[in-house]
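Me: Got a chain here I'd like to walk through. Can you take my questions as they come?

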Amino acid sequence: MSQTVSLTATVTPDEEGWYVARCVQVEVASQGRTVDEALAGLRDALELYFEDEPLPQTPQQPIVAPIEIRRSA
């Protein structure tokens, strides 16, 4: 029996020019040379992760908010 659940990913570039995709709801990440590769790798990693973990019934949708910080000189 196949189930589908919607999770949220963030994608950021790293220092070497790769992209890192992270799932917001669980501590799973992947990387790729492109955004699409990073997301595909994350999807694969999440499917493997949830082979041993139960799928969340109603995953919490994250609150995404900008944050400003000050840096002392």
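Me: Val-64 to start. Buried, partly exposed or exposed?
Reply: Exposed, since its relative accessibility is 75% and the cut-off for exposed is over 50%. Bear in mind that this is a predicted model.

Me: Where does Val-64 lie?
Reply: In the segment after H1.

Me: And how far apart in space are Val-64 and Ala-40?
Reply: 22 Å, C-alpha to C-alpha. Along the sequence they are 24 residues apart.

Me: Back up a bit. What secondary structure does the protein chain have?
Reply: There is 1 helix, and there are 3 strands. Read from the N terminus, the order is β-β-β-α.

Me: What share of the residues is buried?
Reply: 19% of the 73 residues. The chain exposes about 6,400 Å². Carbon and sulfur atoms supply 50% of that area.

Me: Which residues make up the largest nonpolar core?
Reply: Eight of them: Ala-21, Cys-23, Val-26, Val-28, Ala-38, Leu-42, Leu-46 and Phe-50. Strand E2 (19–23) and helix H1 (35–52) each supply at least two.

Me: Which element gives the most to this core?
Reply: H1, with 4 residues. As a general point, nonpolar side chains tend to be buried together in soluble globular proteins.

Me: Take Phe-50. What is it in contact with, leaving aside neighbours within four places in sequence?
Reply: Leu-7, Val-26, Leu-55 and Pro-56. Val-26 is a member of the core, as is Phe-50.

Me: Now E3. Is Ser-30 buried or exposed?
Reply: Buried, because its relative accessible area is 18% and buried means under 20%. Ser-30 lies in strand E3, residues 29–32.

Me: What does Ser-30 touch, beyond neighbours within four places in sequence?
Reply: Tyr-19, Val-20, Ala-21, Ala-38, Gly-41 and Leu-42. Of these, Ala-21, Ala-38 and Leu-42 belong to the largest nonpolar core.

Me: And Ala-29, what does its accessibility count as?
Reply: Partly exposed, at 47%. Ala-29 is also in E3.

Me: Which residues is Ala-29 in contact with, same exclusion?
Reply: Ala-21, Arg-22, Leu-42 and Ala-45, with neighbours within four places left aside.

Me: How far is Ala-29 from Thr-12?
Reply: 11 Å in space, C-alpha to C-alpha. In sequence they are 17 residues apart.

Me: On to Glu-16. Where is it?
Reply: In the loop between strand E1 (9–13) and E2. Glu-16 is exposed, with a relative accessible area of 63%.

Me: What separates the C-alpha atoms of Glu-16 and Arg-33?
Reply: 9.6 Å. The two residues are 17 apart along the chain.

Me: Charges overall, then. How many positive and negative side chains?
Reply: 5 positive and 12 negative. The centres of the two sets lie 13 Å apart.

Me: Last one, on contacts between residues at least 6 apart in sequence. What share joins residues at least 24 apart?
Reply: 27% of those contacts.

Note on methods: Residues numbered from 1 in each chain as written. Predicted model: local features only at pLDDT ≥ 70, side-chain atom pairs only at ≥ 80, totals over all residues. Heavy atoms only, no water. Buried < 20%, exposed > 50% of the residue type's maximum accessible area, 1.4 Å probe, protein only. Contact = heavy atoms within 4.5 Å. Areas by Shrake-Rupley, 256 points an atom, 1.4 Å probe, with all protein chains shown as cover. Lys, Arg positive; Asp, Glu negative; His and termini not counted. Charge placed at Lys NZ, Arg CZ, Asp CG, Glu CD. Core = buried A, V, L, I, M, F, W, Y, C linked by side-chain atoms within 4.5 Å.
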